[in-house]
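Let's take a walk through this one, a few spots at a time. Keep the viewer open as you read.

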Amino acid sequence: MVLINRFSIKSKLMVLLLGVSLGSLLAGGILSWLQFKRTVESRVFQQLTSVRVSKSNQIESYIQSLRNHVETLSEDSMVISAMVEFNSAYKELENQVIPNQWRQKIAAYYRQEFFPRLSKNILGEQVLTNYRPTAQAEQYLQYHYIANNSFPVGEKSKLIDAQDGSDYSKIHQKYHRQFRNISHKFGYYDLFLIDFQTGEIVYSVEKETDYGTSLERGPYRRSNLAAILSAVKDNPGKGFVQVVDFQPYSPSYAVPAAFFAAPIYNGPHIVGVLAVQFPVEKVNQILTVEQNWDGLGKSGEVYLVGSDLLMRSASRFLIEDPQGYEAKLNQSGLSDRTIALIKQLNTSILLQPVKTKAARSAIAGVSGTVIVNDYRGVEVLSSHGKLKMQGLEWGILAEIDSSEAFAPLHALQTYFIIVTAIIILLVIGFSTLVAQNFVKPIQTIINAGERVKQGEGDVEVKLERKDELEELGQAFNSIMGDIRSQRELVHQQKLDNNALLLNFLPDTVVARIKQGEQQIIDYVPQATVLFARIVGLSQLSAHKQNREILVIFSQLINAFDESAEQYGVSKQSTVGDNYVAVCGLSRAYLDHSERTVKFAMEMLEVLDTINQEYQVDLGLRIAIHSGPLIAGIIGHQKFAYQIWGETVDITANLSTKVGVNSILVTQTVHDLISDQYLFVKYPSMEVGGMGELPIWMLLKTIGRFSRQVELVQTSFINLLSQGESTAKLFYERLFEIAPEVRALFKENMVVQQRKFMATLQVAVNGLSDVEKILPVVQELGRKHGHYGITHEQYEILAEALIWTLEQKLGENFTPEVKAAWISAYNLLTAVMKEAATSTTKETQPVAVES
């Protein structure tokens, strides 16, 4: 009362009129709403009951038609003949010898194809011994028609004849097309012929993992297919069709399956059982009217429930809105595992519980209507009843969301609210002036927003009020502050992008690009260039797929890049089988030559790792030279920082001269690092306009070469006791791979072989003191030059020698020993080549004195 006394007379009158008007409207509206609600509810229940009865009749008729068809098929003469012939052919397979490779392929199919699909739908680890076939006939059929079947999973039925020459396959070819046509025409998931006496599945259309197994002692003896076989045996009357309810069926990857079955008589004798896997799609088509749900609006559905209160048909909401359906199931408290299975299998059959009052009444045989919360937790109007089908305890429910059913009622509520609002607006029309005062500050904020839209950044709203509109203005100003912060973040991102660009271009080049400079070129006074040619990459295509080659090549290049970064070397390009890198380009190093050499040696180690990992035989030809070069930006849209000049040309030409898995350096590089590495003189290289360039072959670090000498000498001791056979095997291999060199050996081969072993022993023993043996090797090189031995023939000799050592030393010829022999051979032949090149007189080839 104290509050009312504070109002003006005008305000009190407005309150009185408003109260009377609202009271009248509420009283009449509530009475009308209750009457209308009863009318709508009765009409909806009548509609649902009509739909439920109609669908019940259709389902019962369809199930009976399936019974009739199974009964007809079981009495068909073609089916009887097929049953007799398959039984006989199956028994012939029981004595078949099953090769071990067949068993392995069957096991591989289970592990690679069956278990991955099955494990998605069931819990626990799958054990092969619990599923694989054990009897000869089972293994024989699963090998030829499943494991060795070239058709993919789900299409195994396309195989008509296994081409194994067995009587079984001849019978299979005779009948399979007809059975497959029957199965597909009537929509069966699968069709089976089962031996009545043994329970063995002697034939199936789809060739899943139950094919050939025994339902009495095999892995599926506890399945509902085994249960229906037992039911047929318990009631083997002619024409009597049995049915079993849905259960997860492992051969179908735990998808719910139901079965019909009937005995097959040949005259007075039972010869087998015909079984079909229930086509649930047809039931869904009947219940959903092919997903049109005629007469059920936007949320109505008809579905089946089993005696275990689990669905026996698909939920409409799973079909139409899987994500919304999943959200409802999460809200209803259904386990995550069950929800995942529903999503995985795309079915609610045997997975969706329906523990509602309507479902329990339907299973109990009580027909009626009720308003309940359905399996989603949503309030629905439900009409329920029980289906009359022998062998199946199913209830049927027709439901619609109460929100849709009572939509007209909601419309009435909306109408009532609108009328009430109009009356209130008429009573309080004076609020227009207040509204104008209310809208003015809002318009101010809108105008400020337009200014922001046009690009202004420093926009601020000032409202001198003491209400929520002032708070709104403050919120706008706060948002503008956030926008300014975002702009600052964008600016920072530009700075970060600039830093990223500096990672692969020198900072001076980046700065010049930003300034708009079109042509950028730099002179680098001193840098070291490396050219590496990958050998054997193209030969991989003969025995490896392109995808495998790509993996090997990518891993090799990535490993090279990582090593280059470690040593401060910059990769310039990878074109074909060429890898080009530079040290001292983007960042100056005093030891750029040493860094590049270390990187080259690590490239060989990386290559060896790749060869061992992938069982390939790739090689590298590496050339290194130091000197000035030119670098610059090439291109505009897709630019690149390229190098060129005399130093680059010399390195590129040098890479064509180097042997496999060898490193050649110029005199410049040699002089810088000769105190740290072991080199041998290599034949000089002719470069246009520069004359002869001295070339050196890099062996290893001095310490590592000592280790390799030890390996060579130790392994050679094992050859001394079989020297004659070793030399003989060497020349046989040499003449096999290079028959043209046979003419160079004029004297008796026994004498020649002894000379070979003697020379080889001198060379191996002399590796302990390379400086002492070099004059001997140089003299031998001059003789070979006199004989006309070419550089290519040195590589042929190397191939023959390495092959001979591999044959003679066997397991002792490890990759490390092989690398040591190759290094030693490269050392000696490099000296010989240099000596041969320095020979001043050209002579015709004569007999070799090794």
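L309 counts as buried, because its relative accessibility is 13% (buried means under 20% relative accessible area, exposed over 50%, partly exposed in between, with a 1.4 Å probe and protein chains only). Before going on, some housekeeping: this is a predicted model, where local features need pLDDT of at least 70, side-chain atom pairs count only at pLDDT 80 or more, and totals for chains, interfaces and linings use all residues. Residues are numbered from 1 along each chain as its sequence is written, and side-chain values use heavy atoms, with hydrogens and water left out.

Back to L309, which sits in the loop between β6 (301-306) and α9 (316-320). Helices (H or I, at least four residues) and strands (E, at least two) are DSSP runs, numbered from the N terminus. What about the backbone there? Most residues other than glycine have a negative phi. L309 is not a glycine, yet its phi is positive, at about 60°. Y253 does likewise: a positive phi of about 60° without being a glycine. You'll find Y253 in the loop between β3 (242-249) and β4 (255-266), and at 16% relative accessibility Y253 counts as buried too.

Now for some helix packing. Two packed helices are described by the angle between their axes and the distance between the axes. Axes here are lines fitted to C-alpha atoms, for helices over the stretch in contact, and angles run from 0 to 180 degrees between N-to-C directions. Helix α4 (residues 100-119) packs on helix α5 (residues 136-147) at an angle of about 60°, with the axes 10 Å apart. That pair is therefore oblique (under 35 degrees counts as roughly parallel, over 145 as roughly antiparallel, 65 to 115 as roughly perpendicular and the rest as oblique). On the α4 side, the contact (heavy atoms within 4.5 Å) is made by W102, R103, K105, I106, Y109 and Y110, and α5 brings residues including Y140, Y143 and H144. By class, the residues of this contact are eight nonpolar, three polar and two charged (Ala, Val, Leu, Ile, Met, Phe, Trp, Tyr, Cys and Pro count as nonpolar, Asp, Glu, Lys and Arg as charged, and the others, Gly among them, as polar).

How much of α5 is buried? The count is 11 of its 12 residues, so α5 is largely enclosed by the rest of the structure. The cover over those buried residues includes α3 (77-92), α4 and α6 (167-185).

The other pair is α18 (residues 546-566) and α19, whose axes come within 10 Å and cross at roughly 150°. That makes α18 roughly antiparallel to α19. Among the residues making the contact are L556, F560 and S563 of α18 and F599, E602 and M603 of α19. The tally for this contact is 12 nonpolar, three polar and two charged residues.

E602 is worth a click: it lies in helix α19 (residues 592-614). Its side chain and that of Y567 are joined by a polar contact of 2.7 Å (a pair of N or O atoms within 3.5 Å; within protein, one must be able to donate a hydrogen and the other to accept it, and residues adjacent in sequence count only if both atoms are side-chain atoms).

Last stop: V660, in the loop between α20 (646-654) and β15 (662-666). V660 is partly exposed, with a relative accessible area of 33%. V660 and G619 are 41 residues apart in sequence but 5.7 Å apart in space, C-alpha to C-alpha. Not counting residues up to four places away in sequence, V660 touches V535, G619, L620, R621 and N826.
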